[in-house]
Amino acid sequence: MKELIARLVEAYGPSGNEEQVRALIQDEIKAHVDEARVDALGNLVALLKSDPDGQGKPPTRVMVAAHMDEIGIIVTHIDEKGFLRFAPIGGLTPLTLLGNRAVFANGVMGTFGMEKREILPTEKPKLDRMFLDIGTPDKESALKLVSVGDAAAFSRGFAQAGNRLLAKAMDDRIGCAILIQVVKTLKKNPNDIYFVFTVQEEVGCRGAVTSTYGVQPDLAIAVDATDTGDTPESRPMNVTLGKGPAIKVKDAGMLAHPAVRRLLVEAAKGLGIPYQLEVLEGGPTDAMVMQTSREGVPSGVVSIPCRYVHSPSEMVDYDDVTNAVKLLTKVLEDRVAI
Ligand code: ZN
Ligand code: CO
């Protein structure tokens, strides 16, 4: 599975530019699903139909989702000397940019720089005082490579540190990798399972809005990265790397449906795998909008603990990843009823 993760995290896909990631996923899953379509916004919606149960009971429609997009930058202005100013795509922290590189869809590479004037030693860098240097001496030559509106993502290779995996875009290619692995692992299927790979999560869960409306699930589970509270002086949070997939109770965007939460907890207990309950003070996931689709969809989240989230070196524990695959496979191999 590590080889698959490496290919996914290294693919280029800032929000709105998910084509490369989608092509890769389509290729991986096509032999394992009954149908796969791309909706108007670019979400990849794949259906694995239920095995016939012989009793004529309509299968539960379960949606599992992971987002394909990653954070990045979008060019707002190119100056006379060929430096690019930019706006963030998603939650970008200026401190994570310095010393790092960004790459455009066409392979053009740049490194981040910062204005030097009037920055006090105690001052934090701000995005509007930073720029991307793509090595061009003037505006004219820069315009031959990029234009205003082009998006770039972090450029950083996949690496391993012990049992931990490091990459940009672990949020949420790790979720994509988990769903792909689940599709390949399932031995029986009493549900109609929609594997949805969404676009534009990092800019407001927009792909999940349209795909959930289209799928009309009875129950939905998002798989996404979450923060941890286990590094020096970190904000108190009850999620630790390596202590199992986290089952979301709450984040700033949702209260997980208690029945979905219970379903996940019972499955983890049944398997005897470690799990942790997650209360995140920060940001939402696709499940925020999945749960309020149409007349409401009971929704939950399997979160993968991730240190340094939204940096070029997001870190996850490989055991948490493989345990998340086991957990989701177990949930989906039983008839889902809540
Ligand atoms: Zn995410
Ligand atoms: Co994110």
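Predicted model: local features only at pLDDT ≥ 70, side-chain atom pairs only at ≥ 80, totals over all residues.
How many disulfides does a search of the whole structure find?

The search, run over the whole structure, finds zero disulfides. As a reminder, a disulfide is a covalent bond between the sulfur atoms of two cysteines. Take Cys176, for which the nearest cysteine sulfur is that of Cys306, at a distance of 13 Å; since a disulfide is counted only when the two sulfur atoms lie within 2.5 Å, Cys176 is in no disulfide. Cys306 is likewise in no disulfide, its nearest cysteine sulfur being that of Cys176, 13 Å away. As for where these residues sit, Cys176 is buried, with a relative accessible area of 0%, and Cys306 is buried too, its relative accessible area also being 0%.

Now to the strands, and here I would ask you to find β4, which covers residues 72-78, and β5, which covers residues 83-89. Together β4 and β5 form a hairpin, with four residues between them, and in the turn Gly82 has a positive phi of about 90 degrees.

Strand β4 has a further pairing, with strand β9, residues 151-154, again in the antiparallel sense, over two bridges. Here Ile73 stands opposite Ala152 in β9.

Note on methods
Residues numbered from 1 in each chain as written. Chains lettered and ligands numbered in written order. Heavy atoms only, no water. Buried < 20%, exposed > 50% of the residue type's maximum accessible area, 1.4 Å probe, protein only. Pairing = 2+ DSSP bridges.
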